[in-house]
Amino acid sequence: MSLVVGQSLGLTRVGDCVSLCNSRRNGGKSKYFLVNRRRLARAALVQARPREDGATATPSPPPRATTAPVVQYRRADLADDLQAEARALGRAVDASVYSPELIARKHGSQPLKALRRSVEILAALGGFALRLGIDQRQGKLVQNMKKRAGELRRIFTRLGPTFVKLGQGLSTRPDLCPPDYLEELSELQDALPTFPDAEAFACIERELDLSLESIFSSVSPEPIAAASLGQVYKAQLRYSGQVVAVKVQRPGIEEAIGLDFYLIRGVGKLINKYVDFITTDVLALIDEFACRVYQELNYVQEAQNARRFKKLYADKADVLVPDIFWDYTSRKVLTMEWVEGTKLNEQVAIESQGLKVLDLVNTGIQCSLRQLLEYGFFHADPHPGNLLATPDGKLAFLDFGMMSETPEEARFAIIGHVVHLVNRDYEAMARDYYALKFLSPDVDVTPIVPALRDFFDDALNYTVSELNFKTLVDGLGAVFYQYPFNVPAYYALILRSLTVLEGLALYADPNFKVLAASYPYFAKRLLTDPNPYLRDALIELLFKDGKFRWNRLENLLQQGSKDRDFSAKDALQPVLKLLLDPNGEELRLLVIKEAVRVSEAIALGSVVDTYNSMPEFLRSLVFSGNGNGPLTMSATELESTLELRDQVSRIWSLLQSSESFDPAILQPIVQVLQQPEARRLGGRVAGGVGQRLAARFLQQLLRATTPSSSPIIP
């Protein structure tokens with residue numbers, strides 16, 4: 001349901017808000033001001049009722065406040081921006097940083113408070129644990145798993161922000177939770193009741209050391225969103241007229257979260273010590289997660305995350321990241337550009353604007369892959385509320401409190417893992433988990449290989465375009481849960497990100513598959529990235545048993561060309577450099593062998609084409625009446641040779657069809673081919689082709705002189 005701002009009042013007048021705050025501080029008649037402000041707020045908001053024809057009234061834009069000059073907003077230059085950021089950092093200099101020792105010292109000295117909260121938590125979770133024990137005793141643990149998972153989600157919601165965040169974190173941990181729990185906990189929402197506006201406005205003034213009316217010309221009458229850590233207002237800056245979103249931290253949230261993590265760490269110690277079937281270091285996970293939550297409490301850190309994210313990923317025209325207003329940002333207040341948009345899960349509203357949900361989801365997938373595999377800095381909380389479709393078709397990212405990073409070595413290892421998956425090389429897949437830090441080096445992967453084979457052999461019966469990403473993640477999660485895996489936070493979070501995007505797409509198209517949408521990106525990276533690890537992965541994908549798999553190359557080029565950043569130039573040069581590398585003799589031997597095959601196929605294909613184009617009488621004259629044609633080859637070998645020639649021709653056409661293709665890209669290749677090593681390589685290829693064709697000619701000659709003999713097949 002949309003809300004229309006009334007023309008007469010617009011947004012709530014800041015003077016009313018300030019009067020309310022001052023009245024509270026001065027002991028005035030706050031009740032009168034509160035009631036008066038609420039009356040004005042409700043008068044300012046009018047529900048948009050459907051017209052009789054079924055259409056919805058179009059919201060009118062909020063009016064500009066007459067008390068503030070309306071000017072065109074301009075981004076500050078770099079120097080001003082850096083100075084404003086430095087001032088914001090100064091305001092956050094006392095921001096808390098997670099320290100297990102500090103919270104233990106602080107809350108350990110408040111035993112009664114800790115005891116009350118412990119009783120509250122134990123009362124909620126103790127009953128849950130008792131029901132689990134009964135299920136296990138009655139042999140109904142698996143049967144009731146879905147039901148118990150739903151109970152745990154509701155318990156976490158009742159226990160408040162820390163446990164909501166904890167449940168959301170567990171929903172990304174297939175090594176800790178069975179699939180039913182992962183699915184249920186992923187539905188946790190961190191929406192909580194709002195706190196009083198007066199407290200929010202007082203926090204803004206206290207944090208920024210400015211009066212509210214000196215900052216804003218208007219403010220929304222109530223929060224437009226509320227979450228576990230804070231709530232958001234829509235406002236208008238007085239100095240520029242720019243509409244902004246102002247997030248204000250919930251009072252006392254840091255104290256509450258600190259106490260909860262103090263108690264949760266105590267449980268973690270007990271689990272590490274006494275619970276044998278959980279092989280993961282639970283205490284380390286708690287500390288890592290608590291550190292992320294504490295980072296979310298520092299809004300200046302969130303602002304820096306947003307700026308970095310914008311720099312890395314908003315270079316694409318279809319990705320929007322809001323600007324930060326540093327002069328109005330502090331440890332507990334974040335002011336950023338207001339983004340008009342529709343939540344990505346509101347399909348009807350999006351399509352009514354002439355937009356397509358699938359286009360937006362594809363944008364999200366491509367951006368997520370860049371986050372994971374290019375720069376490593378990624379949005380760790382991409383639920384539908386943080387992804388908006390703007391009226392002009394862009395995908396807007398919001399809420400940068402929880403971010404994560406993929407280590408550089410892991411980015412390449414993930415792509416290599418995909419190659420091993422495509423090749424069904426399960427031994428190599430199992431070894432990849434060492435590089436990905438899923439397994440410690442002392443863990444034997446031998447028992448894990450059959451589990452991977454059993455699952456993926458079944459899953460890979462589907463084509464890439466048919467394979468459901470969630471099914472793949474759930475199946476792999478079951479393997480992780482059974483063996484001593486420790487899934488790194490970055491990997492769990494990105495899996496969650498892609499699963500969320502696939503889930504959103506399935507509302508619009510039940511047949512959508514995120515893997516099919518991701519494959520062009522993987523293909524492009526394998527073909528164009530000069531990183532040595534990925535060059536080796538490409539060779540591993542294309543060569544098998546000393547033979548080049550042209551169908552794989554053709555498929556990679558077909559898929560890679562679907563990526564808008566694909567470049568034929570980038571696809572050719574890294575491979576050539578690898579081929580001419582001083583340490584590439586083994587690869588050169590394979591390439592020489594394949595180049596001979598291709599050259600021979602092209603030459604023989606030309607002979608066959610010439611032969612087929614001849615009149616019948618000329619064929620008999622040239623080939624002495626030989627009814628077997630010009631070549632001493634079986635029909636199967638001839639068909640294979642012509643298919644190879646045609647496949648190479650198709651691959652060249654794919655390269656030429658690249659938007660960036662220019663014959664000039666061959667110039668540096670020609671220059672490289674003039675180097676001594678390249679000339680020797682070319683000579684070896686030419687020699688091999690000459691030998692093969694000479695042998696063919698000799699066989700043809702012998703067959704012509706001994707017509708009774710059988711065809712000679714090489």
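**Rings, charges and helices in a predicted model**

Biologist: What makes Lys 247 count as lying over the face of Tyr 299?

Modeller: Lys 247 lies over the face of Tyr 299 at 5.0 Å from the ring centre, and a charge sits over a ring if NZ of Lys or CZ of Arg is within 6 Å of the ring centre and within 35 degrees of the ring normal. Likewise, the charged end of Arg 308 sits over the ring of Phe 377, 4.0 Å from its centre. This is a predicted model, in which local features need pLDDT of at least 70 and side-chain atom pairs count only at pLDDT 80 or more, while totals for chains, interfaces and linings use all residues. Residues are numbered from 1 along each chain as its sequence is written, and side-chain values use heavy atoms, leaving out hydrogens and water.

Biologist: How many aromatic pairs does a search of the whole structure find, and why is the pair of Phe 201 and Tyr 233 called tilted?

Modeller: The search finds 14 aromatic pairs, where rings of Phe, Tyr and Trp (its six-membered ring) pair if their centres lie within 6.5 Å, with planes under 30 degrees apart counted as stacked, over 60 as edge-to-face and the rest as tilted. The ring centres of Phe 201 and Tyr 233 are 5.2 Å apart and their planes stand at 45 degrees, so this pair is tilted. Because Phe 201 lies in helix H9 (residues 197–208) and Tyr 233 in strand E6 (residues 230–237), the pair ties together parts that are 32 residues apart in sequence; helices (H or I, at least four residues) and strands (E, at least two) are DSSP runs, numbered from the N terminus.

Biologist: Why is Phe 201 called buried, and what is Tyr 375 called?

Modeller: Buried means under 20% relative accessible area, exposed over 50%, and partly exposed in between (1.4 Å probe, protein chains only). Phe 201, at 1% relative accessibility, therefore counts as buried, whereas Tyr 375, at 34%, counts as partly exposed.

Biologist: Why are H22 and H23 called oblique to each other?

Modeller: The axes of helix H22 (residues 532–542) and helix H23 (residues 550–560) come within 8 Å and cross at roughly 125 degrees. Axes are lines fitted to C-alpha atoms, for helices over the stretch in contact, and angles run from 0 to 180 degrees between N-to-C directions. Angles under 35 degrees count as roughly parallel, over 145 as roughly antiparallel, 65 to 115 as roughly perpendicular and the rest as oblique, and H22 and H23 are therefore oblique to each other.
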